[in-house]
Amino acid sequence: MSRKHEVRKLTNLLRVFLKALARYVALPLQLIHRLFRTLLQLYSRRRQFLPIHRDGIRGCLERVAGSLQPPILPLSNRTQLQVPPLSGSAANSFVSLLPVHTPTSTNHGQQLPPAAPVLSQCQSAQSEFRPTTPSLVKRYNKNATIKREVKLVNIPAVTRDYSDTEDSGNWCARVHPEGALYFHDTVRGIYTDSYMRDERRRSSMTSCIDELLALMTCELQLRSGDIELVVELTRTQNNHRVCRYYFVDHPNRLLFWLHDIPTARIFDGVLGVEKWSHISEYAIQHQYWQHCELYPSDNLPCAQLLKELKEVVVHASAEVITTDLSLSPFDSDELSKILDLIDRFEDNVQGAHYACVIVRFMRYFSRAQFFNFCGLPEARLNADQPLFVKEKQSKLIVALSWAINVALFDAPRSHMEELRRVWVDRSINSPRWKNFNSKLSSEWSGITMYSTVMVAVDVSFLAVPSVTIQNVGSVAVISTYISLFCIVGSLVVSLFLTRQNRMYGQESADAAVIFLTRVTGSVFGTKSLATVHGLPYAMLLWGMVYFIIAFSYQVFTSTPIITIATTGSACGTVALFTLWLVSAARDFHILPWLQARLRVFDHKCRILSQTRCWPRL
């Protein structure tokens with residue numbers, strides 16, 4: 001009988017617990033269900049923004065590539081560089097480009113001049129020419145081909161010549177300072193990453209280059225150190241030969257092509273670009289610097305480039321020191337190291353190693369200037385300045401965001417302000433990104449410590465003799481249980497976010513952009529990430545609130561009147577000072593607010609009294 005009595009008692013206790021749990025949890029679950037159903041309906045109706053797919057998939061998304069841009073037309077110049085199939089002109093040997101409009105325009109295809117003659121020649125030779133950029137060169141994503149086996153057992157005696165016996169024809173093998181092997185035709189000024197010691201591949205490369213050069217006119221001739229060509233052979237899934245190429249104009253520091261090239265390969269997802277000076281001086285020049293880094297040449301004026309780099313670095317260092325709104329892609333410590341490195345350069349800085357170092361830093365600064373619309377009336381002058389028109393959100397999304405912000409004790413709003421300083425116009429400021437992640441790690445580490453303490457406090461409160469198992473259905477016990485759930489949830493979420501921050505927080509700006517683009521691609525946008533970042537703090541506060549409810553119920557329900565009066569006055573005083581400090585921290589002052597409301601009320605009363613007295617007059 002005793003065992004049946006214990007089972008019946010446990011059953012009753014479980015029934016009471018389930019009723020209390022349903023009472024406290026049913027309504028929030030219904031709200032969450034309706035919220036997610038509404039979000040799914042909105043998301044299904046929303047237009048999908050697909051990321052830009054690059055051919056080489058070597059470069060990372062440095063911006064949000066979410067819209068299509070019109071293609072860039074081949075280079076043309078009336079005085080020097082001309083291509084017969086196309087017409088157009090540009091001053092100072094500039095790339096002839098089609099005007100770029102915003103994605104709302106629907107007549108880009110009508111503005112493109114046909115390039116049928118060029119395409120017909122390529123198709124007749126059973127090869128396809130695809131314009132590419134240095135950021136898409138397939139140097140850093142090659143497949144592994146070396147087998148784990150011993151191929152050379154002994155080195156012959158008295159061996160003094162270790163040169164390779166394979167013939168590469170007119171191509172000279174070059175070794176990049178990073179260790180990559182590429183080939184250079186010094187006579188015509190052609191570079192390639194394809195292995196030219198393979199006779200079959202070398203024959204295919206020769207035929208492709210001949211076909212490509214046949215499209216050029218006499219005015220456009222290859223000259224090493226002046227007009228150069230980069231070619232790369234690939235194969236499609238149908239085993240169709242593809243020739244990826246781009247031309248380099250060293251005197252003008254730009255690239256050009258003989259076929260149309262989509263601007264998405266050059267703009268990296270930056271929208272609103274339409275000025276040719278902005279494109280040539282920063283977007284294409286960024287690609288030019290990357291070419292010089294991939295294929296360093298002895299003809300580069302390294303001394304002049306070093307002087308230009310030093311001027312840029314000195315200005316960026318002064319800007320970082322004097323303001324915290326600097327647009328520099330490097331922080332103060334990194335700029336100091338760059339200056340120390342530049343000072344170590346000798347007077348004679350010719351050589352592949354020197355050239356790679358100089359042009360790499362030039363590439364970073366050129367890319368930052370392109371992202372900030374440098375040289376335009378709309379240029380970004382500080383790191384907090386947005387350039388694009390803010391899109392209007394639906395009233396439902398605004399209302400849901402406000403409700404979530406209130407339910408989470410205003411934590412999403414504070415994190416949203418920090419994210420806006422880092423994720424301006426959906427682009428990353430690298431120094432701010434590092435500081436932002438260090439702050440997040442410190443905050444979540446502190447919340448983890450507080451959550452551990454609160455778990456011990458809740459468990460200790462349940463062990464108090466007055467809070468026994470007989471009062472399992474009381475407000476004190478149920479509130480303590482909910483407090484424990486909230487605290488444990490805060491602890492788990494803090495540990496998970498800290499781990500994620502260690503994985504993604506120390507990544508480069510390019511990897512950070514990919515991560516932020518993925519997590520902010522919902523209907524709520526950046527607010528969703530801010531809400532996730534504020535969850536540990538909000539759940540910790542909810543745990544404290546429920547513990548205060550449980551403790552207050554235990555104190556004020558079974559104590560004498562004197563105790564209630566004393567503890568009640570002390571509790572009211574503490575609550576008053578706490579609310580005062582919270583309002584001051586949120587920049588909300590009660591007295592000025594009350595005075596403003598009283599003035600408005602007094603003004604309305606006077607107007608009402610005057611309107612009542614007017615008919616009598």
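This is a predicted model: local features need pLDDT of at least 70, side-chain atom pairs count only at pLDDT 80 or more; totals for chains, interfaces and linings use all residues.
**Figure 1. Tyrosine 195 is partly exposed, with a relative accessible area of 34%.** Residues are numbered from 1 along each chain as its sequence is written, and side-chain values use heavy atoms, with hydrogens and water left out. Rings of Phe, Tyr and Trp (its six-membered ring) pair if their centres lie within 6.5 Å; planes under 30 degrees apart are stacked, over 60 edge-to-face, and the rest tilted. By this rule there are 21 aromatic pairs. Phenylalanine 183 and tyrosine 195 make one that is edge-to-face, with centres 6.0 Å apart and 80 degrees between the planes. Phenylalanine 183 sits in strand β4 (residues 181-185) and tyrosine 195 in the loop between β5 (190-192) and α4 (199-214), so the pair ties together parts 12 residues apart in sequence.

**Figure 2. Phenylalanine 330 and tyrosine 364 form an edge-to-face pair.** Phenylalanine 330 is buried, at 11% relative accessibility. Tyrosine 364 is partly exposed, at 28%.

**Figure 3. Four rings form one aromatic cluster.** The members are Phe129, Tyr245, Phe247 and Phe256.

**Figure 4. Methionine 196 is buried, with a relative accessible area of 0%.** This residue lies in the loop between β5 and α4. Contact means heavy atoms within 4.5 Å. Leaving aside neighbours within four places in sequence, methionine 196 touches Asp167, Ser168, Trp171, Phe183, Arg201, Arg202 and Met205. Alanine 173 is 23 residues away along the chain, and its C-alpha atom is 8.5 Å from that of methionine 196.

**Figure 5. Helices α11 (residues 411-422) and α15 (residues 526-556) pack with axes 8 Å apart, at an angle of about 125 degrees.** That makes α11 oblique to α15. Angles under 35 degrees count as roughly parallel, over 145 as roughly antiparallel, 65 to 115 as roughly perpendicular, and the rest as oblique. The crossing is right-handed. From α11 come Ala411, Pro412, His415, Met416 and Leu419. From α15 come Thr526, Lys527, Leu529, Ala530, Thr531, His533, Gly534 and Tyr537. The contact residues divide into seven nonpolar, five polar and one charged.

Figure 6. Most residues other than glycine have a negative phi. Valine 158 is not a glycine, yet its phi is about 55 degrees. It is found in the loop between β2 (128-131) and β3 (172-175). With 77% relative accessibility, valine 158 is exposed. Aspartate 268 is not a glycine either, and has a phi of about 55 degrees. This aspartate lies in the loop between α5 (264-267) and α6 (276-294). Aspartate 268 is buried, with a relative accessible area of 4%.

**Figure 7. The chain has 17 helices and 11 strands.** Helices (H or I, at least four residues) and strands (E, at least two) are DSSP runs, numbered from the N terminus. Of the 617 residues, 39% are buried.

Key
Axes are lines fitted to C-alpha atoms, for helices over the stretch in contact, and angles run from 0 to 180 degrees between N-to-C directions. A crossing is left-handed if the near helix is turned anticlockwise from the far one by less than a right angle, and right-handed if clockwise. Ala, Val, Leu, Ile, Met, Phe, Trp, Tyr, Cys and Pro count as nonpolar, Asp, Glu, Lys and Arg as charged, and the others, Gly among them, as polar. Buried means under 20% relative accessible area, exposed over 50%, partly exposed in between (1.4 Å probe, protein chains only).
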